Amino acid sequence: MALNSGSPPGVGPYYANHGYQPENFYPSQPAVAPSAYGVYPAQFYPSPVPQYTPRVLTHASTPAVHTQPKCPSGTGCSSKTKKALCITFALGAVLAGAALAAGLLWKFMESKCSVSGMECGSSGTCISPSHWCDGVSHCPSGEDENRCVRLYGPNFILQVYSSQRKSWHPVCRDDWSENYGRAACRDMGYKNSFYSSQEVVDDSGATSFMKLNMSASSVDLYKKLYHSDSCSSKTVISLRCIACGVTSNMSRQSRIVGGENAALGEWPWQVSLHVQDVHVCGGSIISPEWIITAAHCVEEPLNNPRHWTVFAGILKQSYMFYGSGYRVEKVISHPSYDSKTKNNDIALMKLQTALSFNDRVKPVCLPNPGMRLEPEQTCWISGWGATQEKGKTSDMLNAARVRLIEPWRCNSRYVYNSLITPTMICAGFLQGTVDSCQGDSGGPLVTQKNSIWWLIGDTSWGSGCAKANRPGVYGNVTVFTDWIYRQMRANS
């Protein structure tokens, strides 16, 4: 978090919030794509140079001259011994080859879709997770479009995708049971998580519904559903798979904060991502196993999960040296991430061990399609980033209140001059004063609606810290929700 009342800067290189490039590093010039990003200090990186063992001479090197010892006369070893050795070596090679082939075959059969994505039911075809529930059938029997569910709007209305009508429809409350809700949550990637299933009045304007056919013999939720233009109960299902977006400390929500210290339980989804015992980026908890951060945080060589440790529920960096962190099992960057423009700057981390939720550790809600944000919606940012430009990482978690800035305003020639894409959100104040800074990358931009906190952005990039006409830029999580659910489902 940074506070700064400096004068309007000239346009210069951009930093990615985990490193710094001064505003006047280059002479003043028209805005260009953010390509001059700071890098992590050298100690944050694993060694880029492989460690080699001492060189061993091979047959390609200068060969040594070998002589065959003479066989004692009359023993016949020159023929019989060689033949026995050849047979022994041949049998050994055959057995070793068979064992290797069997092992490789078993591994392939066990995880044949581990590389190419998700398996299409009984056909065995593998398709990319990005093709699952995208409105186009890629599986031979269309399985990739038959089990598609999502939550709509701030009331978490359950909707099911109809591959026949190519559209989403709310599920009528008639004959509903919680078991169906649990099945829907599993299909969104919440492996062992279910919170509540309630009936609400539909506010999506739907004229067609999905209803349960109780006479159907199948126990499968999707095989029981059928289209109907009426819903007897006149209510639809509101489904919450996880108790997200709730804080344990409500003391600060009514007052403006400009980089003030956070209190325990105030931002329970905030995590610190460490490499070699050093804070590198922030992140947000969305489930017991999944963290959202920025793709630029996990660029090579930091795309290897073994480099990362995640700390949750701790306010001070100095306390993290004594706490036990969580190891990362998998790092997934958005496939369309552009390191030069920071387009699609979002990534997921899957933890090896699930988080235990408590008053200090809780998930934030993913923004549902259909959520409406005001042009200048009040939001909050948090992180351990520098509290002033060129400053050091903060020991204490800080939080600040900011406002969304409309894309047309942020893209004006006086601000970011058309660098803001639909996958980005601007937030802060055009006069400066409050902003994210280096070290805040990947951390949350949240807003509150219906008394629930929603993750609408991840800290991505900016020009300087808290400079006038240089607000913070965040990954637009609202456009990534479907992608996030697909990854959670494919890797559950």
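1. The disulfide count comes to 6, where a disulfide is a pair of cysteine sulfur atoms within 2.5 Å. A disulfide is a covalent bond between the sulfur atoms of two cysteines. This is a predicted model, in which local features need pLDDT of at least 70, side-chain atom pairs count only at pLDDT 80 or more, and totals for chains, interfaces and linings use all residues. Residues are numbered from 1 along each chain as its sequence is written, and side-chain values use heavy atoms, with hydrogens and water left out.

2. One of the disulfides joins C185 to C241, with an S to S distance of 2.1 Å. The torsion about their S-S bond is about -90°, so this link is left-handed. C185 lies in helix α2 (residues 178-187) and C241 in the loop between β9 (236-240) and β10 (258-261), so the pair ties together parts 56 residues apart in sequence. Helices (H or I, at least four residues) and strands (E, at least two) are DSSP runs, numbered from the N terminus.

3. C244 and C365 are joined at 1.9 Å, S to S. Their link is right-handed, with 95° about the S-S bond. C244 sits in the loop between β9 and β10, and C365 in the loop between β16 (347-351) and β17 (378-383), so parts 121 residues apart in sequence are tied together. Both cysteines, C244 and C365, are buried.

4. A disulfide also joins C437 to C465 (S to S 1.9 Å); with 85° about the S-S bond, this link is right-handed. C437 and C465 are both buried.

Technical notes:
Buried means under 20% relative accessible area, exposed over 50%, partly exposed in between (1.4 Å probe, protein chains only).
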